[in-house]
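This report describes how the chains of one model pack and meet. The sequence and structure are shown first, and the description follows.

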Number of protein chains: 4
Amino acid sequence: MKKNKPCPQPLKGIIPPMVTPLLDNSTLDRKGLDRLIEHVIDGGVHGLFILGTTGESTSLSYGLRRELIELTCAKTDGRVPVLVGISDSSMEESIALAITAKDAGADAVVAAPPFYFSVGQEELVDYYTELADRVQLPLILYNMPAHTKINIEPETALKLSGHPGIIGIKDSSGSGVYFNKLLNIMKNHKSFTILVGPEEMMAATVLMGGNGGVNGGANMFPKLYVDLYNAAVARDIDLVLKLQEKVMEVSEKIYNVGKSDYKYLQGLKAALAHLEICNGFMALPLSGFGQNENDIIKENLKNITD
Amino acid sequence: MKKNKPCPQPLKGIIPPMVTPLLDNSTLDRKGLDRLIEHVIDGGVHGLFILGTTGESTSLSYGLRRELIELTCAKTDGRVPVLVGISDSSMEESIALAITAKDAGADAVVAAPPFYFSVGQEELVDYYTELADRVQLPLILYNMPAHTKINIEPETALKLSGHPGIIGIKDSSGSGVYFNKLLNIMKNHKSFTILVGPEEMMAATVLMGGNGGVNGGANMFPKLYVDLYNAAVARDIDLVLKLQEKVMEVSEKIYNVGKSDYKYLQGLKAALAHLEICNGFMALPLSGFGQNENDIIKENLKNITD
Amino acid sequence: MKKNKPCPQPLKGIIPPMVTPLLDNSTLDRKGLDRLIEHVIDGGVHGLFILGTTGESTSLSYGLRRELIELTCAKTDGRVPVLVGISDSSMEESIALAITAKDAGADAVVAAPPFYFSVGQEELVDYYTELADRVQLPLILYNMPAHTKINIEPETALKLSGHPGIIGIKDSSGSGVYFNKLLNIMKNHKSFTILVGPEEMMAATVLMGGNGGVNGGANMFPKLYVDLYNAAVARDIDLVLKLQEKVMEVSEKIYNVGKSDYKYLQGLKAALAHLEICNGFMALPLSGFGQNENDIIKENLKNITD
Amino acid sequence: MKKNKPCPQPLKGIIPPMVTPLLDNSTLDRKGLDRLIEHVIDGGVHGLFILGTTGESTSLSYGLRRELIELTCAKTDGRVPVLVGISDSSMEESIALAITAKDAGADAVVAAPPFYFSVGQEELVDYYTELADRVQLPLILYNMPAHTKINIEPETALKLSGHPGIIGIKDSSGSGVYFNKLLNIMKNHKSFTILVGPEEMMAATVLMGGNGGVNGGANMFPKLYVDLYNAAVARDIDLVLKLQEKVMEVSEKIYNVGKSDYKYLQGLKAALAHLEICNGFMALPLSGFGQNENDIIKENLKNITD
């Protein structure tokens, strides 16, 4: 068993929500995983987040999730913090995953609200309090209303920030209003981590005081997002705008192909396959692109990487 | 290992979505489970459905789900068909539950669409086709858009009905339009089971050709729902309206207390505790009623059972 | 000025939500309107409802709405009650329309909740109370959550039924649960009218005690819906199921062509044009079918009218 | 009739969405309106936007809207551009309002998508194209999905920007992702105005290239928002963060009192009454604060204005 180092507080920078490289529904692409980890660490990322939405966590068996946790922690070997998603409709299963994460040497766990039943803010406080009481790694809240049908209200996040085990929040709502409310309500809790999911708004949030981004594009182009983050921290607006243009090009050319509600993820996995980083297979219920969309991604990638 | 009998087609009548009696988040109330099973079978129900939404399936650990499957099948011992919910965000875990169900002697499995990612109708067809290919018990579709964020369109149900392993659908959308579209599109497939979830509309659906109800109230008052079903089958409208009044009284007095989005389930479990059938504990993220609401349920129950 | 007769309470039967025949965005198809009125009255309908959703009310100028009210009342000439939609985001404009309706001799007005701002149930009570205080015709509530983003809760309808000017509700939610709750909560107010919008569930609601249907299909085939209503009132289930099959055929073949969210209305207007009853033009922001869908409707109509 | 000057392109800065001062549902608070106009112009705002959501436009009669347009244009007398909301479910009525606006000397009109029927992106293009063809003032798109149930997709905005009469967009979605996509897709159309509604994210959007804010708080504290806008334009991040703190204090203390879905507007109007700028009455279906909430606003205001 690994000894867990204290997790930095606040966590800062670019922490990619890692895709899960798969050969099929129940088999990891282990070589792809190794390449992906090296690729993003080489690109200068500040941590890894596995088993999030981008990692198709909820589609994977628990066996595969445990395998992924162990392999990722071993391969990363302490070079950067590893955050492990434990979101589940059943708290007992979340806790079981957290034990695996701790034993493997992970640095923190990340949990979205339970996503079958829709509960209110009071139940959310109870839920996260019990979860934080029972997991033995620092816990990061994960706001993801599009999938969970519930928003973690800023007041709820403030209440939960009083728990010593709850160290931050990752917001994937996409709302600029919500994010600025979070920043404001936490303004006297500077060690509380506030990260944004969607890369299109990462620079803006960092300029306003956010701690960084959990941006899917960093799977492909880690350095671009790290550079943008650094430019925002340095308040170099000219550079921010120049790099932002590149980030928006990725958004437009890779995440906007096809017609499905999860075309972001299809484009990302297709691009990673074209870049020969890892297999593009997607676990059910999702499915990867067909030939036509794959060709578009291939063509679009050329323009971006030029 | 039990030998599985062929499941009746179509399934007909009242098949209660069984609550899961719990002592705490991870412990079954085994005695309560035994009492509940005897209670509903004594009331004349035509089958049991465990691990649905009313059974808080998604809140329970897999260990507890397996235990519940085995105990229920053993206790029921073939007196009525047992349907087992295998809804999960991960198909691999659904299949693991289906194996447990088959080995325990269950008669069919029931699966809602995956509920974290929202997929389209084409992906739904692929998902259910693969699931039906891989499970070794008859499969019933479970339409539950409030929780899964997706509707199984009538056309999708029709396509899936062509799979020999898919034998029916349980609709909990609450939509009278949807249900009548289902009845119409399946009118030449009389062996395909069409059951309705919400008891408030059960009688109307049976009058129009539906096969029965998966009605939560049958946990408490199985005979009432069986009688209403029989009256609808017999087209005895006077009796239907008389019993419907009683069913609506349950809906108004038991499911409409308090303010939460899941007051239906809170009321049902509280009533079952007052009726001394089983423990009223609810698994996280849900929570049972406080004293105040419990007192109201107790008082309201008196009026109903008079 | 016409003298207004007392409106029957409850209103019963089939009251078509009349399409608004148009030559262009701001010109009534007056001849089509005349033909349509005669067509549905010949078919035996129990009343007319103009300026509802099916009448594209909110897309029309106030001038055109006033013209339509006056022409319809004059042409109907007291043969059946005329209900006039006055739904508006501004109460002052609703009241102005109600004055026109009264002066023209209409029998009742119908109002959905205000549809730009989403208000709560308390504000709804205040809103409808003031509206009923100020209009001089009986007022019917119009539940249409898909367009107004708000549900008129059964408890709210019960409260409002205490106002002497509020005589009923038309429910277009499509929910079988909601409708049965309405029937139950109003069970001691037998003079309060409860009508259902979607024709697919009309027969079921009448069997359970509803007063009738405001069904779009009655623009095309008034006799079919009147016959189905009568069969349900007579509790002739065999006949109900036979006619229901026809109604569902209309739903499937006329309302399910194309891909838009308002294909119901496109199909209905296209069919009325093919039947040479009135022009199929639709006011902005909606648009009528193109040639391809029109051809499908034409072909499908043949099968239905055979 | 006033002569209309060419509208600046792009429009820049703080353009308050003016509340509509009312004495009752159908009477303007004319003195309040005068004071409000002088107050915001004194505060340095770059334009006025009347008859938006904050102006309760859709709740007002057309007569009152016309009166407001004429009074506002006369009082402003060309000191800053006046933008007039013409959003309506009926295009004919939108055009009638635009004629009034032009005759009164307004500089541009602003239109949200029609808000009863939900249409698709193609119909939106047709709708706005015809609207722009027919109004004789520059037209600004108004993205307000919470009220209209429809998002103006960035691709749709790009298409519409090709129409010579369409000069910009005001986005009130609150989405940071959406806004950055807008900025990116319009990056080669620098004269196209892109304004943000929610003040909580105004500074961030201006830093990233947005043209300014249509911020409700500027009714109360115009100088604060103008200063924040100027700081963002000057890229003075320290000053931005200092003023942003004040803006968030307004958001927290004025817009977050009570429980209604429109507490933002209730707080704003209550505060304007306490500041003795104009009457706090709200038109039906909305209602102003009760005594309790009014007292909280009064107390909270003291802290802010200190």
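Contact here means heavy atoms within 4.5 Å. The model is a predicted one: local features need pLDDT of at least 70, side-chain atom pairs count only at pLDDT 80 or more, and totals for chains, interfaces and linings use all residues. Residues are numbered from 1 along each chain as its sequence is written, chains are lettered from A and ligands numbered from 1 in the order in which they are written, and side-chain values use heavy atoms, with hydrogens and water left out.

**Nonpolar core**

A nonpolar core is a set of buried Ala, Val, Leu, Ile, Met, Phe, Trp, Tyr and Cys residues joined through side-chain atoms within 4.5 Å; buried means under 20% relative accessible area, exposed over 50%, and partly exposed in between (1.4 Å probe, protein chains only). The largest such core has 472 residues, and Y128(A), Y128(B), Y128(C) and Y128(D) have the most contacts inside it. Leaving aside residues up to four places away in sequence, the partners that Y128(C) touches include A111(C), A112(C), P113(C), L139(C) and Y142(C). Also among them are L141(C), I152(C), L160(C) and I166(C).

**Cysteines**

With a disulfide taken as a pair of cysteine sulfur atoms within 2.5 Å, the count over all chains is zero. Two cysteines illustrate this result.

| Cysteine | Closest cysteine sulfur | Sulfur distance | Relative accessible area |
|---|---|---|---|
| C7(B) | C73(B) | 12 Å | 9% |
| C73(D) | C7(D) | 12 Å | 5% |

In both rows the sulfur atoms are too far apart for a bond. C7(B) is buried, and C73(D) also counts as buried.

**Symmetry and interface**

Copies are superposed by least squares on the C-alpha atoms of residues with pLDDT of at least 70 in both. Chain B can be laid on chain A by a turn of 180° and a shift of 0.0 Å along the axis, with an RMSD of 0.0 Å. That is the relation of a two-fold axis. Because 100% of the interface residues of chain B are also interface residues in chain A, the copies meet through the same surface. Chain D is superposed on chain C by a rotation of 180° with 0.0 Å of shift along its axis (RMSD 0.0 Å). Here too the same surface serves both copies, as 100% of the contact residues of chain D recur in chain C.

Between chain B and chain A, 37 residues of chain B are in contact with 37 residues of chain A. Buried area is the accessible area (1.4 Å probe) that two parts lose on being put together, summed over both. Chain B and chain A bury about 3,300 Å² between them, with 62% of it on carbon and sulfur atoms. Y116(B), F117(B) and P285(B) supply 24% of the area that chain B buries against chain A, more than any other three residues.
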